[in-house]
Amino acid sequence: MTDIEYILDFAAGLGCKMLAVGANLERVNDTMYRICRSYHLHSISIFSLNSLIMIGAKSEDDISGTRQLSVHSSSNHLEKLNRFNQLSRKVCAETPPPETLAGLLAEAENVKSFPTAVIILGHLISMSTLCAIYGGSFSDILAVSLNTFMLYWLSEYFDQRKINQIVANTLCMWAAGSLALLFVKLGIGQNYFIIVITNSMKMIPSISLVNAVRNILCGNEMNGILEFLKVVLESIAIVVGLVLSIYMFGGNAVQWLKV
């Protein structure tokens with residue numbers, strides 16, 4: 001492989017991995033451009049969507065190269081994103097030999113994972129605190145914690161099988177809403193709406209919404225609008241799942257909520 005092939009492989013690969021862990025598209029484009037410029041490439045052309053990256057450039061001796069990669073999945077991982085940002089700054093500042101770039105990228109991606117128990121504990125603490133802020137009682141906090149535990153494993157199941165996020169949100173909120181109704185009926189929770197609103201906060205795509213708005217404000221309207229539409233559909237799916245959980249129980253659900 002020539003140097004330009006190593007560089008483009010690295011730039012496109014890093015861009016895809018950054019997008020997959022929640023990076024903003026404008027930031028990704030700027031990172032790929034700076035990497036190419038640091039190795040004195042010219043005639044740089046970048047076209048990217050949230051699911052696709054295309055990059056082309058020429059070396060100092062006018063050798064051309066292009067790369068096209070698909071972004072297959074997206075799941076926010078701020079620690080990996082931080083490592084990728086550090087790597088991009090290091091490469092731009094030090095310009096290591098092109099043949100070593102693939103190894104540096106693999107090393108940056110190798111982030112230590114927290115034990116499952118610690119992750120679940122973090123979810124439980126954050127959701128319980130949010131429930132208390134919303135005015136929930138101790139029994140509401142208990143119901144929210146049980147729902148959060150269930151939602152964690154259900155989300156992991158859907159992620160592993162790459163289930164569409166809109167479908168996943170609908171099913172997750174249906175399960176959470178149904179369990180919340182059961183908890184209220186059994187006396188485990190008191191305020192149904194505090195329970196379901198608190199649990200819905202776990203599934204709202206807030207980072208994607210921020211990225212969509214930033215894309216629009218930065219002049220990348222097409223990607224911003226597409227991302228915003230995706231956020232809207234995923235948010236609507238949360239509401240649909242909740243409504244389904246109520247109507248599937250018919251009049252009994254309405255009576256429970258009135259008690």
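## Cysteines

At 47% relative accessibility, Cys 218 is classed as partly exposed. This is a predicted model. The cysteine sulfur closest to that of Cys 218 belongs to Cys 92 and lies 19 Å away, which is too far for a bond. A disulfide requires two cysteine sulfur atoms within 2.5 Å, and by this rule the model has 0 disulfides.

Cys 172 is likewise in no disulfide: the nearest cysteine sulfur, in Cys 131, is 19 Å away. Cys 172 is buried, with a relative accessible area of 2%.

## Sheet layout

The model contains an open sheet of 3 strands in the order β1-β2-β3, paired antiparallel. Its edge strands are β1, residues 42-49, and β3, residues 64-70, each of which pairs on one side only. From one strand to the next, the twist averages 5 degrees.

Strands of a sheet pair through backbone hydrogen bonds, in either a parallel or an antiparallel sense.

## Pairing of β1 with β2

Strand β2 covers residues 52-58 and is joined to β1 by 6 bridges, the two strands running antiparallel.

Ile 46 stands opposite Ile 55 of β2, and Ser 48 has Ile 53 of β2 as its bridge partner.

## Pairing of β2 with β3

On the other pairing, β2 and β3 are antiparallel over 7 bridges. Ile 55, which stands opposite Ile 46, also stands opposite Arg 67 in β3.

## Helix and burial

Helix α1, residues 3-20, lies across β1, β2 and β3. The helix runs at about 25 degrees to β3.

How much of β2 is buried? The strand is mostly covered, with 5 of its 7 residues buried. In the sheet order, β2 stands between β1 and β3.

Conventions
Residues are numbered from 1 along each chain as its sequence is written. This is a predicted model: local features need pLDDT of at least 70, side-chain atom pairs count only at pLDDT 80 or more; totals for chains, interfaces and linings use all residues. Side-chain values use heavy atoms; hydrogens and water are left out. Buried means under 20% relative accessible area, exposed over 50%, partly exposed in between (1.4 Å probe, protein chains only). Two strands pair if DSSP finds at least two bridges between them. Helices (H or I, at least four residues) and strands (E, at least two) are DSSP runs, numbered from the N terminus. Axes are lines fitted to C-alpha atoms, for helices over the stretch in contact, and angles run from 0 to 180 degrees between N-to-C directions. Contact means heavy atoms within 4.5 Å.
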